[in-house]
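Here's a quick briefing on charged side chains and how they pair up or cluster. Have a look at the model first, then read on.

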Amino acid sequence: PVIATVKHYACNNSEYDRHKSNSIVDERTLREIYLPAFKRCVECGTLAVMTSYNQINGTYASEHPYLLDGILRGEWCFEHLVVSDWNSLYSTDGVLSCGVDLEMPGPRYLSKEKVLDALRRNVVDEDAVDTKVLHLFRAYEKAGLFSSPLSDQSFHAGCKEHREVALEVAQSSVVLLKNEQLLPLKKGASICLGGGNADKVAQGGGSSMIHLPEDQVTLAKKLGDQATLLPTYWYRSRTYMNTVMHADVVILVVGFDHVLESEAYDRPWKLEKQDIQSIKHATALNKNTVVIVQSGGAVEMSSWHSSVKAILWTSYLGSSTAEALESIVFGTCNPCGKLPFTWAHKLSDYRSMRVYPKDFQLLNLDRLRKGQGDPAVREVSPLSYTEGLMVGYRQFDTEQLEMLYCFGHGLSYSDFSYEDLTLVKKGEQLFELSCTEI
């Protein structure tokens, strides 16, 4: 009995100062871009929705009458649990009037004393409080929480079946961006393996992290003696440079990890300097260079993209990272992932980034510590969605802007050909195409 929680409702599109940002978005953009995914989840029966930290058009998501009472509960008829993100409440009265049902991680604004005080002041009546309790009970009852123990001793996480699913998901998530007849590699090929993520299992930080065993297998361990593991600054050593030059292939695993890509702050657009230098030196010495990029989204690649023969984008593959990458690189698994976003040449190509805070890459610990869930600390800054509907492929298609890789891009190791193509007119502007796929 597990409740899947859909988050973060809504317009949670900035990690930069997320507690102190006000997403200013027009109605059409809100309806067409940022709400449909939540609506679909409600239609499919989700039992819980989590609100975001930010304000939307001047009101915090956790106490937003229009988003919660008007759309979620009113238009979509959602009758189950609305839960706050951690420390994302900013008042008692607003939340009791039209806000979340459950405050996490503990009662601060919805403590017994503050709720009773609000009742005494007639801010809210008992029926409103009862309604919130019923939202919780409905979700718990549907999930079976009243009839099952909270800890099921017969359930074993991480069993063989779970690991098989994890591997299948990891393998199907890898996107082959570029391949100039280099991949898949032949068994027995001599490999130089480098990059900041070559000997670790990289994952995003915060609540997305999973607990891995200390002896978790990395790609370096998986390849074993077949690969020479390069140190960070291998290009300063003549010995390693010579090894790279004479290897059959160089594989560089670059990107971010749970420190650089986490919650409450934005990650850099560019890769680590040492990884970029590693790519540039490797391609100068060995034309057979493969770059594996591990990140939650697009990164700067234009400065080195053209000199690399093969590029894989993997996102974060979890506990099956090493096994999935090995199977893709050696062709025991055919890459089939497709890009879920448009990959630009420059960060400024994205219209939404043109009004974004210029210092987003600077990690300010003082800003992270102060104002988390406290309306009295620091002013809220506007984050205007001036791009409107012009996000992703909509913008690039409309502006006819050149991109590095389009939405939906993804190669494979297979060759496809089509024969016997026929085109039949079915109407004034309607045609039907049929063919034989070889």
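Glu15, Arg18 and Glu263 are tied together in a network of salt bridges, a salt bridge being a side-chain nitrogen of Lys or Arg within 4 Å of a carboxyl oxygen of Asp or Glu. The structure holds 14 salt bridges. Keep in mind that this is a predicted model, so local features need pLDDT of at least 70 and side-chain atom pairs count only at pLDDT 80 or more, while totals for chains, interfaces and linings use all residues. Residues are numbered from 1 along each chain as its sequence is written, and side-chain values use heavy atoms, with hydrogens and water left out.

**Arg378 and Asp17**
- Arg378 forms a salt bridge with Asp17, and the closest N and O atoms are 2.4 Å apart.
- This pair links distant parts of the chain, 361 residues apart: Arg378 is in the loop between α12 (365–369) and β13 (381–384), and Asp17 is in the loop between β1 (5–9) and β2 (21–24).
- Helices (H or I, at least four residues) and strands (E, at least two) are DSSP runs here, numbered from the N terminus.
- Asp17 is buried, with a relative accessible area of 14%, whereas Arg378 is partly exposed at 29%.
- For those labels, buried means under 20% relative accessible area, exposed over 50%, and partly exposed in between (1.4 Å probe, protein chains only).

**Asp101 and Arg73**
- Asp101 and Arg73 meet through their side chains in a salt bridge, at 2.7 Å from N to O.
- They too link distant parts of the chain, 28 residues apart, with Asp101 in the loop between α4 (93–98) and α5 (112–120) and Arg73 in helix α3 (residues 65–75).
- Asp101 counts as buried at 9% relative accessibility, and Arg73 counts as buried at 18%.

**Asp257 and Lys200**
- A salt bridge joins the side chains of Asp257 and Lys200, at 2.8 Å from N to O.
- Asp257 sits in the loop between β10 (249–255) and α10 (273–285), and Lys200 in the loop between β8 (191–194) and α8 (219–223), 57 residues apart.
- Asp257 is buried at 12% relative accessibility, while Lys200 is partly exposed at 32%.

**Negative patch**
- Asp125, Glu126, Asp127 and Asp130 gather in a surface patch of negative charge.
- Patch residues have over 30% relative accessible area and no salt bridge, with like charges joined within 9 Å.
- Glu126 is found in helix α6 (residues 126–143) and counts as exposed, at 57% relative accessibility.

Definitions and conventions: Patches are made of residues with over 30% relative accessible area and no salt bridge: like charges are joined within 9 Å, nonpolar side chains (Val, Leu, Ile, Met, Phe, Trp, Tyr) within 5 Å. Accessible areas come from the Shrake-Rupley method with a 1.4 Å probe; for residues, only the protein chains shown count as cover. Lys and Arg count as positive and Asp and Glu as negative; His and the chain ends are not counted. The place of a charge is taken as NZ of Lys, CZ of Arg, CG of Asp or CD of Glu.
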